[in-house]
Amino acid sequence: MTSDNNRPSPVLRAADEQLTERMGIEIVECGPDRVVGTMPVAGNRQPYGLLHGGANAVLAETLGSIAAGLHAGADRLAVGLDLSCTHHRAATEGAVTGVATPLHQGRSTATYDITITDEEGRRTCSARLTCVLRDQPPGQ
């Protein structure tokens with residue numbers, strides 16, 4: 001995966017055993033100004049059969065972190081600093097889609113708005129993620 005400016009994506013340097021794989025998250029669009037991903041409801045439910053709120057948080061932080069990493073560049077790291085999620089309606093089947101767009105892209109922090117919708121296009125969750133942007137440790 002590469003970013004819009006053809007720099008290698010930080011996603012390529014990811015460690016094995018990613019939570020995104022366990023959650024079934026697929027990135028369908030990837031650029032520093034817009035990252036889109038999907039996640040199935042099946043396998044990510046809470047005891048009442050609804051999509052788990054924590055699953056929404058995982059999707060939101062994944063998409064926002066990828067966008068922040070692309071903004072930061074190949075020689076820097078983006079690390080989640082603050083995540084806020086508001087759950088508007090339940091998703092009980094199918095898949096949800098998250099779209100992360102920038103609210104602020106600075107040198108030391110980046111903040112993203114993440115909208116999650118169901119297959120009918122109804123908003124199920126609104127999230128905001130702020131990442132701190134740091135230089136990579138030497139040798140990484």
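Visitor: In what order do the elements of the protein chain run from the N terminus on?
Guide: Helices (H or I, at least four residues) and strands (E, at least two) are taken as DSSP runs and numbered from the N terminus. There are 2 helices and 6 strands here. Written out for the protein chain, the order is α-β-β-α-β-β-β-β.

Visitor: What is the mean pLDDT of the protein chain?
Guide: This is a predicted model, where local features need pLDDT of at least 70, side-chain atom pairs count only at pLDDT 80 or more, and totals for chains, interfaces and linings use all residues. Residues are numbered from 1 along each chain as its sequence is written, and side-chain values use heavy atoms, with hydrogens and water left out. As for pLDDT, that's the predictor's confidence in each residue, from 0 to 100. In the protein chain, 88% of residues reach 70 or more, and the mean is 90.

Visitor: Over which residues is the pLDDT below 50?
Guide: Contact here means heavy atoms within 4.5 Å. The stretch in question has 21 contacts in the model beyond near neighbours in sequence, yet its pLDDT is below 50; it covers residues 1-12.

Visitor: How many residues of α2 are buried?
Guide: Buried means under 20% relative accessible area, exposed over 50%, and partly exposed in between (1.4 Å probe, protein chains only). Across the 140 residues of the protein chain, 38% count as buried. Helix α2 is mostly covered, and of its 20 residues the buried ones number 15.

Visitor: Is Ala55 buried or exposed?
Guide: Ala55 sits in helix α2, which takes in residues 53-72. Leaving aside neighbours within four places in sequence, Ala55 touches Met23, Met39 and Asn44. Met23 is 32 residues away along the chain, but the two C-alpha atoms are 7.5 Å apart. Because its relative accessibility is 3%, Ala55 counts as buried.

Visitor: How many disulfides does the count come to?
Guide: A disulfide is a pair of cysteine sulfur atoms within 2.5 Å. For Cys85, the closest cysteine sulfur is in Cys125, and at 4.5 Å it's too far for a bond. Cys85 is partly exposed because its relative accessibility is 24%, while Cys30, at 14%, counts as buried. By the distance rule, the number of disulfides is 0.
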